[in-house]
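I opened my notebook to look through this model. Here is what I looked up, entry by entry.

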Amino acid sequence: MFVILPQAFRRALPPYVGQLTVLVQASALTSVVGVSDLLGSARQMIERLAYVGTGDSHAIEIYLGVLSIFFVICYALSGLASIIERCLRV
């Protein structure tokens, strides 16, 4: 137990953290609440800006902002995985 379990934990950690990142990206809670909420808010902002009559809805900039939010979340999870792997010397 004291010999094999630490080795098994070090071997299983990288795939587990990778799977955790994929799970966060594709989980039902994230897709229903997070994606719908953020993209819905972005769509409302675009429609509101287009309705003002200036002609510029800034859709690309707004969607890039939403993209950056999701990137920061996924990058933080990957960074956390790297730190854990370094501490365990995987």
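Is Glu 47 buried, partly exposed or exposed, and what is its relative accessible area? I find Glu 47 partly exposed, at 45%. My cut-offs are under 20% relative accessible area for buried, over 50% for exposed and partly exposed in between, with a 1.4 Å probe and protein chains only.

**Ground rules.** I am reading a predicted model, where local features need pLDDT of at least 70, side-chain atom pairs count only at pLDDT 80 or more, and totals for chains, interfaces and linings use all residues. I number residues from 1 along each chain as its sequence is written, and side-chain values use heavy atoms, with hydrogens and water left out.

**Overall fold.** I counted 3 helices and 0 strands in the protein chain, in the order α-α-α along the sequence. Both are DSSP runs numbered from the N terminus: helices are H or I with at least four residues, strands E with at least two. I note that 13% of the 90 residues count as buried. Of the contacts with a separation of 6 or more, 62% are between residues 24 or more positions apart; a contact means heavy atoms within 4.5 Å.

**Surface.** I looked up the accessible surface of the protein chain, which is about 7,100 Å², with 69% of that belonging to carbon and sulfur atoms. The areas come from the Shrake-Rupley method with a 1.4 Å probe, and for residues only the protein chains shown count as cover.

**Salt bridge.** I found 1 salt bridge, taking a side-chain nitrogen of Lys or Arg within 4 Å of a carboxyl oxygen of Asp or Glu. Glu 47 pairs with Arg 43, and their closest N and O atoms are 3.2 Å apart. Both sit in helix H2 (residues 28–51), 4 residues apart, so about one helical turn separates them. Arg 43 is partly exposed too, at 42% relative accessibility.

**Nonpolar patch.** Met 1, Phe 2, Val 3, Ile 4 and Leu 5 make a nonpolar surface patch of about 660 Å². Such a patch takes residues with over 30% relative accessible area and no salt bridge, joining nonpolar side chains (Val, Leu, Ile, Met, Phe, Trp, Tyr) within 5 Å. I placed Val 3 in the segment before helix H1 (4–26), and Val 3 is exposed at 58%.

**Aromatic pair.** I counted 1 aromatic pair. Phe 71 and Tyr 75 are stacked, 5.6 Å centre to centre with 20° between the planes; rings pair if their centres lie within 6.5 Å, and planes under 30 degrees apart count as stacked. The two are 4 residues apart in helix H3 (residues 59–88), so about one helical turn separates them. Phe 71 is exposed at 54%, and Tyr 75 is exposed at 58%.

Terms used. Patch = residues over 30% accessible without salt bridge, like charges linked within 9 Å, V, L, I, M, F, W, Y side chains within 5 Å. Phe/Tyr/Trp six-rings, centres within 6.5 Å; stacked < 30°, edge-to-face > 60°.
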